[in-house]
Amino acid sequence: MKPMTDSHAVAATPWWKGAVIYQIYPRSFADSNGDGIGDLNGITAHLDHVASLAADAIWLSPFFTSPMTDFGYDVADYRDVDPIFGSLADFDALIARAHALGLRVIIDQVYSHTSDQHEWFRASRASRTNDKADWYVWADAKADGSPPSNWQSVFGGPAWTWDARRQQYYLHNFLKDQPQLNGHNPAVQDALLATARFWLDRGVDGFRLDAINFAMHNPGLTDNPPAPATNRARTRPFDFQLKLHNQGHADIPLFLERLRALLDDHGGCFTVAEVGGDESDREMKLFTAGETRLNSAYSFAFLYADRLTPEMIVDAVAAWPDTPGLGWPSWAFENHDAPRALSRWASPDQADAFARMKMLLLLSLRGNIFLYQGEELGLTQVDIPFADLLDPEAIANWPMTLSRDGARTPMPWIGDAPDLGFGSGAAKPWLPFGPDHRALAVDVQEADANSLLHWTRTVIAARTAHPALRHGSLQVVHSDDALIAFERAGEGERLVCVVNLGAAPRDWPAGLATDGVPILVANGANTTVLPAFAGLVLRR
């Protein structure tokens, strides 16, 4: 357990810089009422587990009122809790318990779109003259009745849907049930800032801003140009365009500055942008530049990669040098939208060793570290048959994309319980467990001193104890087809991290000094040889 520090007493380094943030997907963490769906009280009852990891904060995926077409990212009421998750009183209790355990609480904010069931959209679609008529992106049809532009939806098909009430098309960059807010409208911005203030006043410690690069569009509705050919698979019409006009508008940073000013008034709050797409590197840096925008940006560098390589790591960290005015990175190997990393990067017989190496590597990087629930257990992707899929993206693009459902399966808490301790057993969990998840349950790993769960605690403790690991500089000193070595330095401390990403043993890199005291050793690494998937951190 970590004590909470008053934000006004913090010296040069804020609490969030280098923090370990544990992502909780509420539907799948713990079910307190036996309906098969996780909820806020279930989270509160299991926060001791997160605190035992010595994480700094939790990030809660959406729990707001929603028809759940996109499982909460289609928000129907920004300022209330969906009944399947509980109530505002339950959220207040969660905040109180988290803070008592030394955990800060970060929540999702979805500012680019709402549900079509939101009262704002119901009013907006009612006429072209009401006070919310311009709160969403509406446009007339072309002369031939076709959509106003060629923009395509992330989930497949045109990004425009005809609405008979207004005799116009409305924009939706995702599902047709997720109409696009008009982020250019000052009244919309004011309403979103009021929503942020509502949750800040309830005690939250920061926000993850979902798909924030979609918050504003080109009002001219200019067609996107075709994307040049690449060797990447194209599974959706969205992939055939350069998204120059439906996202990434130059005025987005001005709104982010308004949001940052509000957060600064509350002291010690943290903001991280989710920015995907072809222009993500440029947009992440733009959204986090200087001291008046967001604190950090959430990198997609590893989330969809089918292999983990030294070259990938070198490129990722090189994009975020320790340069004045440049934002601070955030890294994740897994989340609720991406297939589990172990299933992408390791064969089943390699999974145990690979998971230990992966945890050492992730927690040695410069930046904030996001751990996805179950990652500390080594959970694998669950293969869910098409007939049982719930994820609208996977259903639309089957079988070309791995199901997000397979990474959203319930947490296994008790290995010998019928529902693995996820709930009371009264109802079938909303998604199935993987066949190997029973053996990976929390209580099983608690009883094994050599488990990945205990190793995760060890690595987080080392990161907390060594300022060089938490927020020091990073310099790559060696990389080849299997090995990567980098130095972390800060506050008078210097560490070297050496990791073998390959399945064969490798000699210690030639020319790399071997002096130092080991503080972390994964899979038998030493300064002579690094076995398969081994890693070593030395203090010099």
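This is a predicted model: local features need pLDDT of at least 70, side-chain atom pairs count only at pLDDT 80 or more; totals for chains, interfaces and linings use all residues.
Me: Which residues of H5 are buried?
Reply: Val188, Gln189, Ala191, Leu192, Leu193, Thr195, Ala196, Trp199 and Leu200. Buried means under 20% relative accessible area, with a 1.4 Å probe and protein chains only. Helices (H or I, at least four residues) and strands (E, at least two) are DSSP runs, numbered from the N terminus.

Me: How many residues does H5 have?
Reply: H5 (residues 186-201) has 16 residues. From first C-alpha to last, H5 reaches 22 Å, close to the 22 Å expected at 1.5 Å a residue. The expected span is 1.5 Å times one less than the number of residues.

Me: What sits just after H5?
Reply: Gly203, with a positive phi of about 110°.

Me: New topic. What is the strand order in the open sheet?
Reply: E14-E15-E16-E20-E18, with antiparallel pairing. Two strands pair if DSSP finds at least two bridges between them.

Me: Which strands stand at the edges?
Reply: E14 (473-479) and E18 (517-522). Each has a single partner strand, so one side of each is left without a neighbour in the sheet.

Me: How many bridges join E15 to E16?
Reply: Eight, between residues 483-490 and residues 493-500. Gly490 has Glu493 in E16 as its bridge partner.

How values were computed:
Residues are numbered from 1 along each chain as its sequence is written. Side-chain values use heavy atoms; hydrogens and water are left out. Buried means under 20% relative accessible area, exposed over 50%, partly exposed in between (1.4 Å probe, protein chains only).
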